[in-house]
Amino acid sequence: MVQTEVSAKQLPLLSVNDLKVHFHTDEGIVKAVDGVSFDIMPGKTMGVVGESGCGKSTLGRTLLQIIEKPGLIDDGSIVLRSEDEEGNPYEIDIVNEHSNSRTMRAVRGQDIALVFQEPMTSFSPVHTIGNQIKEAIRLHHDVSEKEAQDRALELVTQVGIPNPAQRLSEYSFQLSGGLRQRAMIAMALSCEPKLLIADEPTTALDVTTQAQILDLLRDLQQQNGMAIMLITHNLGVIAEMADDVVVMYLGRAVETGNVNDIFHSPQHPYTQGLLRSIPSIYEKGIEKLPSIKGSIPHPFNRPSGCTFRPRCPSYMEGVCDLNDPVFLDIEGTSQAVACFLHHPPDGSSTNGSESA
Amino acid sequence: MAEATVETTNTTESGTLLEVNNLVKHFPIQKGFLKRTVGSVRAVDDVSFSVTQGKTLGLVGESGCGKTTTSRCILRAIDPTSGQILFRKEDGETVDVATMPYQPLRDLRRDMQMIFQDPYGSLNPRMSLFDIVGEPLLVHGMKSSSERADRVAELLRLVGLRPEYMRRFPHAFSGGERQRIGIARALALNPRLVVADEPVSALDVSVQAQVINLLQEIQESLNLTYLFVAHDLSVVRHIADEVAVMYVGKIVELGDTEKIFANPKHPYTSALLSSVPIPDPSVRQDRIILQGEVANPANPPSGCYFHPRCEYATDQCKTEEPQLELIDEGRWVSCHHAKDLDLTGLSAK
């Protein structure tokens, strides 16, 4: 599906390494992102999946340095590989940039763009769609009003908005949910970003509209060759769109890997439980739906050791509660997991499942 | 369907708990200083279906298709514009909820209860669990506090919460637990019909499965009948015996869940099914991408409401409105070409 040939030498577009984003609130520290590492390859789609409170949205915002207060990047690195105007490659570590620095402002929109879940609240209601798209273009490119207008028209046409010229002069509240999301995507694409972060882009939409938007994202990726980081709680959307997947739970990545491996042979008990608990659309459930016991703990009551331990069917006393699992590759697969079933704390690696 | 309205004497057949005939709800659009009615939103436009005692009817459709309005009309939370809502009481008598006077309706509400979508908005943060779950009991005449406490404890146990939590307030509970509280409240008066409006769509996947299981367990043990309003088709397939698919205020297809999912007869149902993302990367199927947007219920298109988006539309569809017709055993479809179309559904591979 994706045109970009991935050679062995190709460097990731973005490398996130042991990223920690903590919110220092009066009540205590909320570890929204607590040691997450992954790479995004150019032209590929990385799916970030997890339930509410797992830190997936904070992760997306951190890549753009737009974390809400009192959140701070406490540790880790986010290396972005880009090219300057002459085509010379360079690297920047987003963590080291001040959120309001010139570099960071150039990265936003130009290198990395973001599509939010709620297109209604992400547009200004007092400016027309066209003016908002033009603003984004003129912030990054030295073009005339007329050129920006033409480019905006081209963009809204590209994302499949009917009557594009008329829609440009309308306000966000005059558009339906699906059109608003298309306009949001048009704005995000205005500076041809190399990475598009889509944070729950279809959650507020109906299934038939969701299918349209996912189709659009796929087409645009084929045309522009941009990478997409797709943040969602919907495993169906991930299965459909992603090349690689990061599964998050309570701020930590519990499993990463190729989309086929993750869905066909999940290794972490959380991924396994999550996949089993979705009712199948193919057949009537006669039996009880397998579910994960308990609920997601409150961020102030994080369990010690492995955060999934109180809900885990394979919980090992004396192991899982005393040590933090380390994120390690599973040999012979594309996957990496943070689970003692696969990597006992003494360091010797077994392939799991014999003890439960 | 006009002929069905005259048969008011027709008592619902045995086993049918709820029968809805030609239900219509129009909301007026008012404009100007004098609030003149300039038009109406046809939220529910001639809807008929029935639900069998102890079974689950899934009402599916996209936002704005009228599924919530239909469910609210059935409970008389809003008054329908016209139509019949026949409910069979425990003593076998059939009553029309749509035209019932206030006092008997109040008593009837014991039999029909609702579970809401939003577990945060539907529980009063200033009321303890005892007050929340005990309120329907108090309203319906259980004055003794200790009796209520016993019943609340029993209900909390039934939905998997500890009775000791009775004096706590909703903020202390997670989304899934709050939804259990909402279920306990709905069950307080031993209802026979439970209208569940998107009861699991606000929950996380891992918690959603628990609540679905709970709903099925209590259905079995209490012989409840569900009207299950949802947009998540995989949840509906799991829980519903029958499905009614709605589009712009009308039912376009109604029938057995298995048959509809495996072999849809209405182009909209087929498109809806094909839009669902399947959590399996090896089935990245060719989907039917519907063009355009859902029609505006204040200004619906002529003929079949679905025709501007339908790839099979003919001239007949543009002018003539299709009726919901029985095309197979227990299978109702509202499409001029239902019998000729060969549509793809979803079946296990």
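Tutor: The contact draws 47 residues from chain A and 45 residues from chain B, where contact means heavy atoms within 4.5 Å. This is a predicted model, in which local features need pLDDT of at least 70 and side-chain atom pairs count only at pLDDT 80 or more, while totals for chains, interfaces and linings use all residues. Residues are numbered from 1 along each chain as its sequence is written, chains are lettered from A and ligands numbered from 1 in the order in which they are written, and side-chain values use heavy atoms, with hydrogens and water left out.

The size of an interface is often given as the accessible area lost when the parts come together. Here chain A and chain B bury about 3,900 Å² between them, with 55% of it on carbon and sulfur atoms; buried area is the accessible area (1.4 Å probe) that two parts lose on being put together, summed over both. Of the area that chain A buries against chain B, 22% is supplied by A:Ile281, A:Tyr282 and A:Lys284, which is more than any other three residues supply.

A:Lys288 forms a salt bridge with B:Glu217, and their closest N and O atoms are 3.3 Å apart. Across the interface of chain A and chain B there are also 18 residue pairs in polar contact, both residues being at pLDDT 80 or more; a polar contact is a pair of N or O atoms within 3.5 Å, and within protein one must be able to donate a hydrogen and the other to accept it, with residues adjacent in sequence counting only if both atoms are side-chain atoms.

On the side of chain A that touches chain B, helix 8 (207–224), helix 9 (235–241) and helix 10 (259–264) of chain A each supply at least two residues, helices being DSSP runs (H or I, at least four residues) numbered from the N terminus. Helix 8 of chain A gives the largest share of that side, seven residues. By type, the residues of the side of chain A that touches chain B divide into 20 nonpolar, 17 polar and ten charged, where Ala, Val, Leu, Ile, Met, Phe, Trp, Tyr, Cys and Pro count as nonpolar, Asp, Glu, Lys and Arg as charged, and the others, Gly among them, as polar.

Key. Salt bridge = Lys/Arg side-chain N within 4 Å of Asp/Glu carboxyl O.
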